[in-house]
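The notes follow in the order I took them.

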Amino acid sequence: MLDLIIIGAGPAGITAAVYAARRNMSILVVTKDIGGQAAISGDVENYTGYQFITGPELAIKFQAHMSKYNIEIKENEEIIKIEKEGDLIRVTSDKGSYQAKTIIVASGKRSKKLNVPGEKEFKNRGLTYCATCDGPLFAQKEVAVIGGGNSSLDAAIQLMNIAKKVYIVNINSVVEGDAIMQEKLHGNDKVIILNNSQVEAVLGDKMVNGLRIKREGKQETLAVQGIFVEIGLIPNSEFAKILDRNEFGEIKINFHNQTNISGFFAAGDVTDVPEKQIIIACGEGSKACLSVFKYLATHKI
Ligand SMILES: Cc1cc2nc3c(=O)[nH]c(=O)nc-3n(C[C@H](O)[C@H](O)[C@H](O)COP(=O)(O)OP(=O)(O)OC[C@H]3O[C@@H](n4cnc5c(N)ncnc54)[C@H](O)[C@@H]3O)c2cc1C
C-alpha cells in the first residue's frame with residue numbers, strides 16, 4: 001500500500017516527491033511530463049540561488065535532483081479521475097489504476113485557447129503555445145504574440161532575438177506585464193505593440209500565413225508566419241471534480257495544503273494560492289508533503 005500518490009512532476013510535484021523520498025514514504029508520481037511549465041519558461045531570473053537560468057535548464061536540475069532518490073515515476077500518463085474508496089484514495093489514469101493512503105494534486109496549469117477559426121487547424125503548423133519550444137523555428141520570420149501579460153512579454157523577449165518582426169497583439173489598452181520585462185522590449189525596433197486589438201482568425205494555406213485582427217474597431221491582416229498564443233492559463237483540475245474548487249477551477253486549500261476531503265492535498269499552480277511562480281510551487285510542494293507526513297503519523301489507515 002502506497003503512502004502517497006503525487007499527480008504531476010512540475011516544480012510542486014517534484015519538490016513534494018523529493019521531500020517524501022527523504023522521509024522514506026512509499027510514493028508513486030504519475031505525470032504527463034517532467035518539468036511542467038518550468039520546462040517551457042524562458043529566462044528565469046527570480047529563482048533564489050540562480051541569478052539567471054533558463055526554464056529548461058532549471059527543469060533538468062529538478063529532474064536530476066529527483067532521480068537521486070528511488071522514486072517510482074509513471075510518465076506520459078494522464079490522470080482522469082480521483083476518488084475516495086473507503087479510507088483510501090483511488091487514482092485512475094488513461095493507462096492504469098492506483099491506490100494510496102494520501103494524494104497530492106500538483107497538476108499545474110495549461111494555456112488557454114483563442115477559440116477563433118483556424119486555431120485548431122494551424123496548431124503546430126505555425127501556431128504554438130510555447131515560445132521556448134518553438135521560437136527557434138521562426139528565425140527571420142514575422143511573428144505575432146497574442147496577449148499582454150508576463151507570458152506574452154517573455155515570449156516576445158525570446159522572439160525578438162530570433163524573428164524578423166514581433167507583433168504583440170494585446171486586447172487591452174495597455175500592456176500589463178512587469179515593468180522589468182517591458183524595459184527589455186523598450187526601444188527594440190523589431191517589436192511592435194498593437195493595443196486594443198482582438199484576434200478574429202488564424203489564416204493560412206498549409207501553414208500559417210496571416211492573422212486577422214480587429215484593431216480599434218478596424219479589421220487588419222498581419223502577414224505573419226508564426227503565432228504564439230500567450231493569453232493566460234487554466235488549472236488542470238477537471239479530474240478533481242470531487243474537490244472544492246473556486247470560480248477559476250483552482251483547488252481550494254488551507255495553509256496546510258489540505259483540500260475539503262481528508263487525505264487529499266494539493267500544491268502549486270493548480271491551487272487557489274495567490275501568485276503562480278516556480279519558487280512558490282516548490283515551497284507549496286514541500287509544505288504539502290510535510291502535511292501528508294503529519295497526517296499519516298496521526299491517522300490510522
Ligand atoms: C512561459 C512561462 C514563463 C514562466 N516564467 C516564469 C519565471 O520566469 N519565473 C517563475 O517563477 N515562474 C515562471 N512561470 C510560472 C511557473 O512555470 C509555474 O508557476 C510553475 O511551473 C508551477 O509549477 P506546478 O508544479 O504547480 O505546475 P506545472 O509546472 O504546471 O506542472 C504540472 C505538472 O502536472 C502534470 N499534469 C497536468 N495534468 C495532468 C494530468 N491530468 N495527469 C497527470 N499529470 C498531469 C504536467 O504534465 C506537469 O508535469 C512561467 C510560466 C510560463 C508558462
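I began with the shell around the ligand, where S2 supplies the largest share, four residues. The model is a predicted one, and I read the entries below with that in mind.

I then looked up the whole shell. I found 36 residues surrounding the ligand, and the closest are Gly-8, Gly-10, Gly-36, Gly-108 and Gly-268. I noted which elements each supply at least two shell residues: strand S1 (2–9), helix H1 (11–22), strand S2 (27–34), helix H4 (150–160) and helix H6 (278–298). Sorted by class, the shell holds 14 nonpolar, 15 polar and seven charged residues.

Next I checked the domains. The domain assignment gives domain 1 as 2–110 + 233–298 and domain 2 as 113–229. I read 31 Å between the centres of the two domains, taken over C-alpha atoms. Five residues from domain 1 and seven residues from domain 2 make the contact. On the side of domain 1 that touches domain 2, I listed two nonpolar, three polar and no charged residues.

Last, I turned to H1 and H6. How do these helices pack? Their axes lie 7 Å apart, at an angle of about 35 degrees. I recorded the crossing of H1 past H6 as right-handed. The H1 side of the contact includes Pro-11, Ala-12, Gly-13 and Tyr-19, and the H6 side includes Ile-278, Cys-282, Glu-284 and Leu-290. By class I logged 11 nonpolar, four polar and one charged residues in this contact.

Key: Residues numbered from 1 in each chain as written. Predicted model: local features only at pLDDT ≥ 70, side-chain atom pairs only at ≥ 80, totals over all residues. Near = placed C-beta within 6 Å. Nonpolar A, V, L, I, M, F, W, Y, C, P; charged D, E, K, R; others polar. Domains from an automatic or database assignment. Contact = placed C-beta atoms within 7 Å. Axes fitted to C-alpha atoms, helices over the stretch in contact; angles between N-to-C directions. Left-handed = near helix turned anticlockwise from the far one by under 90°.
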